[in-house]
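Dear colleague,

I am handing over the structure below, together with notes on its charged and aromatic side chains.

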Amino acid sequence: TNAISIRDAINELHKGIDKIEIDTTDLKKVFNRPFTPDEAIEQFKEHIAQLSKGKERDKIRIIIK
């Protein structure tokens, strides 16, 4: 009897989640030249900002494949 309640709770929690998937091809395009550590961090931040544009940041989950 609890399984149905648990399933419904999990489904409710997942409703508002926006999944952003990044694969190695995407990363190769972003990191297409040598970077300093600070430049690499900034480049990655910019890439994430582009992918998440127009979405609610608190509901985004990033998955690297």
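What follows is a short account of the salt bridges, a charged surface patch and an aromatic pair.

This is a predicted model, in which local features need pLDDT of at least 70 and side-chain atom pairs count only at pLDDT 80 or more, while totals for chains, interfaces and linings use all residues. Residues are numbered from 1 along each chain as its sequence is written, and side-chain values use heavy atoms, with hydrogens and water left out.

Searching the whole structure gives three salt bridges, a salt bridge being a side-chain nitrogen of Lys or Arg within 4 Å of a carboxyl oxygen of Asp or Glu.

As for accessibility, buried means under 20% relative accessible area, exposed over 50%, and partly exposed in between, with a 1.4 Å probe and protein chains only. Lys-19 is exposed at 52% and Lys-65 is exposed at 57%, whereas Glu-21 counts as partly exposed at 35%. The remaining salt bridge joins Asp-8 to Arg-7, with the closest N and O atoms 3.1 Å apart, and Asp-8 is partly exposed at 39%.

Asp-38, Glu-39, Glu-42 and Glu-46 form a negative surface patch, where patches are made of residues with over 30% relative accessible area and no salt bridge, like charges being joined within 9 Å and nonpolar side chains within 5 Å. Of these residues, Glu-42 lies in helix α3 (residues 37-51) and counts as partly exposed, at 41% relative accessibility.

There is one aromatic pair, for which ring centres must lie within 6.5 Å, with planes under 30 degrees apart counted as stacked, over 60 as edge-to-face and the rest as tilted. Phe-31 and Phe-35 make up this edge-to-face pair, at 5.8 Å centre to centre and 90° between the planes, and Phe-31 is partly exposed at 32%.

Technical notes:
Areas by Shrake-Rupley, 256 points an atom, 1.4 Å probe, with all protein chains shown as cover. Lys, Arg positive; Asp, Glu negative; His and termini not counted. Charge placed at Lys NZ, Arg CZ, Asp CG, Glu CD. Helix = DSSP H or I, 4+ residues; strand = E, 2+ residues; numbered from the N terminus. Phe/Tyr/Trp six-rings, centres within 6.5 Å; stacked < 30°, edge-to-face > 60°.
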